[in-house]
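Please read them with the structure open.

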Amino acid sequence: MGYLVAAYLMFWGVTFLYLLSLLRRQRALEERLARMQARLDPAHREGDDGSE
Amino acid sequence: MRTWERIWIGATIALMALATLAVFLYAPREAKMGDVQRIFYFHVGTAWSGFLAFAVALVGSVLYLRTRSPRWDQLSHAAVEVGLVLLTMAIVAGSLWARPVWNTWWTWDPRLTTTTITWVVYLAYLLLRGAVENPEVRARFAAVYATVAFVTVPITYLSARLLRTIHPIVLGPSVSAEAQGQFGLTPRMAHTMALSVVAWTLLFSVLLWMRYRIQRAQEALEAMEAAGE
């Protein structure tokens, strides 16, 4: 019975950890995108002010 | 999240829960091996969806070589990563089953050896990808590699059917008299196995979709950052 429990804990544990890693990578990408937008926004405002 | 994605993920969670319940409550206790035989259901589900993932990587690679569209390379990359996770689970579960049934965690039997070769070949795919800087060269190299690498999948499948092996064959006849842990599928066992295979296939599709979207977003962001520099 111990091997059976270990196997199903492994199935669910690995699936959960992999899902968690995917969600973390997705969040990291969203943060990178937000940083890029923040970097681009002032540049756009300068462009709108007629600085070009 | 869109409605169809919610339905898709909800159905996956429900089917995975149902498959787990079927494994423990619906499938009968196998006479010789006892409860440890129940590992078989998810072992088959993970192994099947792992090999399906490598088939998706093959299709993606062939389509990349034909069209040169980066989306196919991104799909192949995502499929290989998800496939490796699934195949790792199948190998670990097989080892947990083997300890009480074969009296060993591992043996260099043809099926186990060919599965390990498949695992190493696809792990190398991910490692080698990371070593190539140019995106176009990387995608082309990865597509050729994944196309050739797929040959390990039918070899692994056939190894237990054509060679002398102790690995049991539950679907179809086994040619090996040495097979240990062989058992006949009762109708309830067959239902549970089918449910597990469907549930893992659905879970694979969700993981693949999530990983593919991350890959697409990451490459688009990298291209934007490179253009901005």
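1. Burial and overall shape of chain B. Of the 229 residues of chain B, 39% count as buried. Bear in mind that this is a predicted model. Along its principal axes, the C-alpha trace of chain B spans about 65 × 40 × 25 Å.

2. Secondary structure. Chain B has 7 helices and 0 strands. Its pattern along the sequence reads α-α-α-α-α-α-α. Take the contacts in chain B between residues at least 6 apart in sequence: 74% of them join residues at least 24 apart.

3. Helix 5 of chain B. Helix 5 covers residues 135-149. An α-helix has 3.6 residues a turn, so residues three or four places apart point the same way.

4. Helix 3 against helix 5. The axes of helix 3 (residues 70-102) and helix 5 of chain B come within 10 Å and cross at roughly 55°. That makes helix 3 of chain B oblique to helix 5 of chain B. The crossing of these two helices is left-handed. Helix 3 of chain B contributes B:Pro70, B:Asp73, B:Ser76, B:His77 and B:Val80 to the contact. From helix 5 of chain B come B:Ala139, B:Ala142, B:Ala143 and B:Ala146. By class, this contact has 6 nonpolar, 2 polar and 1 charged residues.

5. Helix 2 against helix 5. Here the axes in chain B come within 8 Å and cross at roughly 135°. Helix 2 and helix 5 of chain B are therefore oblique to each other. Helix 2 of chain B passes helix 5 of chain B in a left-handed crossing. On the helix 2 side, the contact is made by B:Ala57, B:Leu58, B:Ser61, B:Val62, B:Tyr64 and B:Leu65. On the helix 5 side, B:Ala139, B:Ala143, B:Ala146 and B:Thr147 take part. The residues divide into 8 nonpolar, 2 polar and no charged.

6. Helix 3 of chain B and its end. At 1.5 Å a residue, the 33 residues of this helix should span 48 Å. The end C-alpha atoms of helix 3 of chain B are 46 Å apart, which agrees. B:Asn103 follows the helix, and its phi is positive, near 65°.

7. B:Thr104. This residue lies in the loop between helix 3 and helix 4 of chain B. Is B:Thr104 buried or exposed? B:Thr104 has 10 other C-beta atoms within 10 Å, so it is exposed; the cut-off for exposed is 12 or fewer. Leaving aside neighbours within four places in sequence, B:Thr104 is in contact with B:Ala98 and B:Arg99. B:Thr104 and B:Phe54 are 50 residues apart in sequence. In space, C-alpha to C-alpha, B:Thr104 and B:Phe54 are 29 Å apart.

8. The interface. How many residues of chain A are in contact with chain B? There are 16 from chain A, in contact with 22 residues of chain B. By class, the chain A side has 13 nonpolar, 1 polar and 2 charged residues.

Conventions. Residues numbered from 1 in each chain as written. Chains lettered and ligands numbered in written order. Predicted model: local features only at pLDDT ≥ 70, side-chain atom pairs only at ≥ 80, totals over all residues. Contact = placed C-beta atoms within 7 Å. Nonpolar A, V, L, I, M, F, W, Y, C, P; charged D, E, K, R; others polar. Axes fitted to C-alpha atoms, helices over the stretch in contact; angles between N-to-C directions. Helix = DSSP H or I, 4+ residues; strand = E, 2+ residues; numbered from the N terminus. Parallel < 35°, antiparallel > 145°, perpendicular 65-115°, else oblique. Left-handed = near helix turned anticlockwise from the far one by under 90°. Buried ≥ 20, exposed ≤ 12 C-beta atoms within 10 Å, placed from the backbone. Expected span 1.5 Å × (residues − 1).
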